[in-house]
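I opened this model to see how its parts pack together. My notes follow in the sequence I made them.

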Amino acid sequence: MKIRDIVNREIVNLKNCEFEPIHIPGSIQPHGFLIAIHQEHHTIDFCSENIDKFLDTNVKTVLGNRFSDIFGTIALQSVIEYLTENLSHSAKLLKLNIKEKKFLCTVHISGNQIIIEAEPELEIKIQTDVYDQTARFLSYMNDTASLQELCQQVANGTREITGYDRVMIYRFDKDYNGEVYAESVREDLEPFLGLHYPHTDIPVQARELYLKNLLRLITDIHYQPVPIFTADDGNHDKNLDLSLSILRSTSPIHVQYLQNMGVGATLTISLIYKKKLWGLIACHHYSQKNISPDVRLAAQLQGHFITSQIDIRQSNEEYDLARKSIMAVEKLNAYNFPGTENSFREIVEKPELLEICNASGAAIFFRKKVYLNGKTPSKETISDLANWLTKYTKNTLLITNNLSELLPENLSYIPEASGIIYQSLSIESTDCIMWFRPETISEVNWAGDPTKAIIKDQKGLSPRNSFQLWKEIVKNKSKIWLQPEINAAKSYVHSLQKQIHLVVVTQEEERYRKLNEILKETNSELENINWISTHDLQEPLRKIQMISSRLLGRDDEKFSEVVINSVTRMNNSANRMQTLLIDILKYTRIQHIDQSFEVLNLNEILNEIVKDLSDQIEEKNAEIVIDELPKSIGILFLVKQLFSNLIQNSLKYSKENKPLKIHITGEKIFIGKQEYVTLKFTDTGIGFDQKFAQSIFNIFSRLHGQEEYKGSGVGLALCKKIMMVHKGTIEAEGRVNEGATFKLTFPQEEY
């Protein structure tokens with residue numbers, strides 16, 4: 001049978017390393033061997049070249065044959081039972097006796113292949129030592145308070161179990177830059193604790209593999225990769241996904257990186273928190289080193305202990321902070337602030353406002369006024385910030401510890417306001433609250449210059465080879481706002497918005513109170529004027545009418561025609577004035593109506609009005625037709641006045657020498673669930689232009705001269721006011737020389 005290797009020989013360098021297919025290298029490390037058997041018919045499809053170093057066989061002998069034929073039925077049965085129990089290879093090891101040799105195996109499925117990785121059983125640490133150390137670890141979960149203390153104990157315990165020269169707990173930030181968070185190191189070695197490593201040291205695809213395969217081992221950094229072989233069936237795309245493999249060969253770039261660090265062997269354990277790579281347990285040895293699979297699992301278990309405690313430890317640390325912030329909010333809410341704008345000065349001066357989120361300064365910006373406390377920028381700067389942040393956030397929220405990133409053109413605020421929590425208090429204005437933190441100039445210790453993570457020399461691009469301490473001075477940033485502080489700030493914003501609402505309502509109430517006082521004074525004056533106009537003015541009018549009537553009625557005196565015309569005009573004017581005063585009195589009295597509503601028989605009311613106006617109806621040769629009308633709710637005397645005014649209005653504006661017809665109809669209607677009674681008064685008089693349909697209801701509004709049609713101009717205005725008292729409406733529709741229709745709508749409500 002013809003065979004070939006599946007080694008990935010694509011040229012990998014730092015220009016294309018982010019696309020390096022590190023999951024299909026086609027080779028393994030030499031401290032164990034790998035075979036892959038087909039999941040269904042159990043033929044051996046892949047085998048590492050070094051199988052002859054561990055067993056009395058070779059690649060050509062095993063490829064294409066059934067696993068049981070080469071390694072025995074018992075070995076195959078053990079593999080099948082292992083997979084049937086659905087146990088992860090990282091949770092339990094499979095022990096196989098193959099040709100009288102003992103191997104510890106990890107087994108997993110990749111595609112349609114069962115991958116078996118076998119290593120000779122080593123006796124580096126006896127099993128009881130491993131479990132004793134693991135048991136001790138459980139005790140220091142209770143002896144440590146903070147997450148960092150726990151990580152330090154894990155570093156110490158892992159180094160004791162594994163025997164590596166250096167064990168680091170490596171924690172990532174949001175950009176995957178790493179920090180040595182805890183460390184246990186051989187005394188003669190330089191400590192790395194507190195050093196930072198750029199995200200480029202661990203590329204994206206490597207981080208993805210750390211999420212899949214939680215344990216990674218390199219026993220000798222100078223190893224020669226062992227190729228994996230398969231039958232040459234003409235399929236040159238044939239490969240084997242080794243993402244979950246323990247023996248998988250390492251990226252040559254990573255190997256070079258470790259060589260530059262002087263490392264001889266490594267063990268890496270993933271720390272997964274909330275399905276993300278939180279950090280790593282990174283074990284370094286400065287010579288060759290291998291540990292048994294049992295010891296690896298014990299070390300991996302310690303990693304699980306860390307991740308299981310992250311929530312608890314972080315929650316404990318955050319709880320104390322949250323408790324203090326919530327107490328500050330509760331104290332601030334307990335104060336009884338007045339409903340005036342001056343309350344914002346009182347609020348901002350309370351120390352609890354700063355304690356809410358451990359800010360060094362705060363500002364409330366309300367109606368273009370700035371209220372300050374603590375270390376803050378100037379009022380002018382805060383006003384500018386409020387205007388800019390309103391537009392930038394669209395009246396929402398902004399939280400940052402590096403405001404200069406967003407507003408680089410103006411750095412005058414940096415000393416007091418490098419960090420800011422901004423919250424708009426209105427969707428329509430620049431009202432807002434801001435909490436500030438000052439610039440905190442910090443020093444970050446990097447393991448080498450992060451800007452030189454990739455170097456160029458005569459050989460081309462390669463990983464950095466300098467890991468000497470490199471200090472970075474970080475400016476323009478404040479201390480980071482923690483989530484409990486942000487939550488407390490958001491919580492208090494709701495209280496502040498309530499205070500703003502109280503201020504606005506109080507001011508509106510005060511404004512309405514003053515307007516009400518002015519209105520009362522005005523109404524009092526109007527009532528005085530009304531009394532004068534309806535009583536005091538009528539007395540001289542009656543005297544004018546009386547004197548003019550006497551003069552016109554005397555037969556013993558001979559007056560000239562000019563005098564008689566003048567006195568007649570004076571008498572007519574006085575009569576019109578009296579009519580106007582009476583109508584004004586009717587109009588003004590409506591606002592003082594305090595009479596209960598009742599069910600009215602509209603037909604009876606109209607018949608009574610027709611009887612009272614019979615002389616005018618006969619004079620105008622008018623016909624009034626009244627349909628059967630529904631009963632309605634209203635105030636009796638006002639409805640009488642309303643109907644009388646409408647009928648008299650039709651009689652007044654009838655055509656000269658032509659009979660007039662007034663037709664009154666009505667019905668009940670429903671709009672939604674609301675019941676209404678509608679009436680229509682339709683006449684065949686002179687009508688009006690529809691453009692005046694609204695203005696005819698204005699008081700003193702007249703479409704015709706006094707000489708043509710007598711009247712005060714109050715009648716229809718009075719009708720509208722009566723309908724307003726009934727919470728109804730009146731509408732007019734006119735047709736010049738054809739007539740007019742007045743539509744009344746009465747809501748049938750319980751009063």
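I call a residue buried when its relative accessible area is under 20%. The model is predicted, and I kept that in mind throughout.

**Entry: α19.** I listed the buried residues of this helix. They are Leu 716, Ala 717, Leu 718, Cys 719, Lys 721, Ile 722 and Met 723. I then looked just past the end of α19. Lys 727 takes a positive phi there, of about 60°.

**Entry: the largest core.** I looked up the largest nonpolar core and found 39 residues in it. Phe 643, Ile 647, Phe 681 and Leu 744 have the most contacts inside this core. The helices are α16 (602-612), α18 (636-652) and α19 (715-725). The strands are β25 (622-626), β27 (660-671), β28 (674-683), β29 (729-735) and β30 (739-747). Which element gives the most? It is α18, with 7 residues.

**Entry: Phe 681.** I picked this residue and left aside its neighbours within four places in sequence. Phe 681 is in contact with Leu 606, Phe 643, Leu 646, Ile 647, His 663 and Ile 664, among others. The list also includes Ala 740, Thr 741, Phe 742 and Leu 744.

Entry: I traced an open sheet of 5 strands. The order is β25-β27-β28-β30-β29, and the pairing is mixed. Why is one side of β25 and of β29 left without a neighbour in the sheet? Both stand at the edges, and each has a single partner strand, so one side stays without a neighbour. Neighbouring strands are turned by 15° against each other on average, direction ignored.

I then followed one pair. β27 and β28 run in the antiparallel sense over 10 bridges. Thr 665 stands opposite Lys 680, which is in β28. On this sheet packs α16, touching β25, β27 and β28. The direction of α16 makes about 165° with that of β25.

**Entry: Thr 43.** I moved to a loop. Thr 43 sits between β3 (33-38) and β4 (44-48). Is Thr 43 buried or exposed? Its relative accessible area is 14%. The cut-off for buried is under 20%, so Thr 43 counts as buried. Its side chain joins that of Asp 45 in a polar contact of 3.2 Å. Leaving aside neighbours within four places in sequence, I found Thr 43 in contact with Ala 36, Ile 37, His 38, Gly 64, Asn 65 and Arg 66.

Definitions and conventions. Residues numbered from 1 in each chain as written. Predicted model: local features only at pLDDT ≥ 70, side-chain atom pairs only at ≥ 80, totals over all residues. Heavy atoms only, no water. Helix = DSSP H or I, 4+ residues; strand = E, 2+ residues; numbered from the N terminus. Buried < 20%, exposed > 50% of the residue type's maximum accessible area, 1.4 Å probe, protein only. Polar contact = N/O pair within 3.5 Å; in protein donor to acceptor, adjacent residues only side chain to side chain. Contact = heavy atoms within 4.5 Å. Core = buried A, V, L, I, M, F, W, Y, C linked by side-chain atoms within 4.5 Å. Pairing = 2+ DSSP bridges. Axes fitted to C-alpha atoms, helices over the stretch in contact; angles between N-to-C directions.
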